[in-house]
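Hi,

Here is the structure I promised to send over. Have a look first, and then read on for what turned up in it.

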Amino acid sequence: MFASRTVLLSLGKNAQCLSLRNRIAEVLQRAMAPKRPLASLANSQFLLKRPATPNCSPIRCYAKGKDKKKEKGKTKVTVNENQLAEVINVGSLKSLMEKALLQMEEDFVKHLSLRSTTGAIESVPVNLDGNEHTMQELAQIVRKNPKTIVMNFATFPQAIPAALKALSKSGMNLNPQQDGTTLFIPVPKVTKEHREQLAKNAKQLFVKCKDSVRDVQLKFIKQLKKQDRISEDLARSVEQQIIAIADQFIANAEATLNKKQAELLGEK
């Protein structure tokens, strides 16, 4: 401190020295000022008071899950039969597709009975010497009692191996016993496994029907593309309508399948 005062005295009285002297004196005065206690600082009117924190409940933010993917529905196609008739044979198209659906329904009746019946066995196809026959063409089929069906192959004994093979593939859970030219077939009990197997067989028949409908669809689309006299827009429109008709037949077949499977599995 004394050294600082000595510096002030040695600066002289010229203008620059006076200015420097005043600045040094100001610094010294601030340095010599007594420090204010912390308590007085807290009560100073120049200090800003911290605003009170309101009572707020904490909010927990959860990350949003990914939006579920929306099913992309197919664009609805309006079938204009008058327009189709100018290009393809609409009656033939529907008739062939209807035939596939009727064949599936017929197969359901013949091959998917919970109880084996003589009628179901009579219609089982048998491949003999490269030709297809029904079982009733090769054997006399009778129901001996509620638990046994008898098949007599006395007229065509050579058909017995092919008949046994056909019965094993029928999906009716049959276990025939051979005695000479006669087959004895115990009527199987209705078990859960038997029901499930029949339901699977129903699905296979549906797939067969679906493939047949798609074959008809492809056939008519190929015929359509061979025609040069129609515009591209009309050809594209007709193709979409053919596919829409096929989709409708397949939807009808699937509805029939679902109903049949519910019946086979004992569901309401």
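Which residues in helix 5 meet helix 9, and which in helix 9 do they meet? Keep in mind that this is a predicted model. On the helix 5 side you'll find Ser 92, Leu 93, Leu 96, Met 97, Ala 100, Leu 101, Met 104, Asp 107, Phe 108 and His 111. Their partners in helix 9 are Leu 198, Ala 202, Leu 205, Phe 206, Cys 209, Ser 212, Val 213, Val 216, Gln 217, Lys 219 and Phe 220. Sorted by class, that contact comes to 15 nonpolar, four polar and two charged residues.

Now for the geometry. Helix 5 covers residues 90-111 and helix 9 covers residues 192-225; they pack at an angle of about 170 degrees, and their axes are 9 Å apart. An angle over 145 degrees counts as roughly antiparallel, so that is what helix 5 is relative to helix 9. The crossing of helix 5 with helix 9 is right-handed.

Leaving out residues up to four places away in sequence, Ala 100 touches Cys 209, Ser 212 and Val 213. Ala 100 also sits 7.9 Å from Lys 210, C-alpha to C-alpha, although 110 residues separate the two in sequence.

Helix 9 has another partner: it packs with helix 10 (residues 232-264) at an angle of about 170 degrees, with 10 Å between the axes. These two are therefore roughly antiparallel as well. Here the contact has 19 nonpolar, two polar and nine charged residues.

Then there's helix 8 (residues 160-168), whose buried residues are Ile 160, Ala 162, Ala 163, Ala 166 and Leu 167. They lie on the same side of helix 8, because they cover an arc of only 160 degrees around the axis. Pro 161, Lys 165 and Ser 168 are exposed on the other side of helix 8. What do the buried residues of helix 8 pack against? The list is helix 6, strand 1, helix 7, strand 4, strand 5 and strand 6.

Setting aside residues up to four places away in sequence, Ser 123 touches Lys 110 and His 111.

Cheers

Terms used. Residues numbered from 1 in each chain as written. Predicted model: local features only at pLDDT ≥ 70, side-chain atom pairs only at ≥ 80, totals over all residues. Heavy atoms only, no water. Axes fitted to C-alpha atoms, helices over the stretch in contact; angles between N-to-C directions. Helix = DSSP H or I, 4+ residues; strand = E, 2+ residues; numbered from the N terminus. Parallel < 35°, antiparallel > 145°, perpendicular 65-115°, else oblique. Left-handed = near helix turned anticlockwise from the far one by under 90°. Contact = heavy atoms within 4.5 Å. Nonpolar A, V, L, I, M, F, W, Y, C, P; charged D, E, K, R; others polar. Buried < 20%, exposed > 50% of the residue type's maximum accessible area, 1.4 Å probe, protein only. Arc of directions from axis to C-beta.
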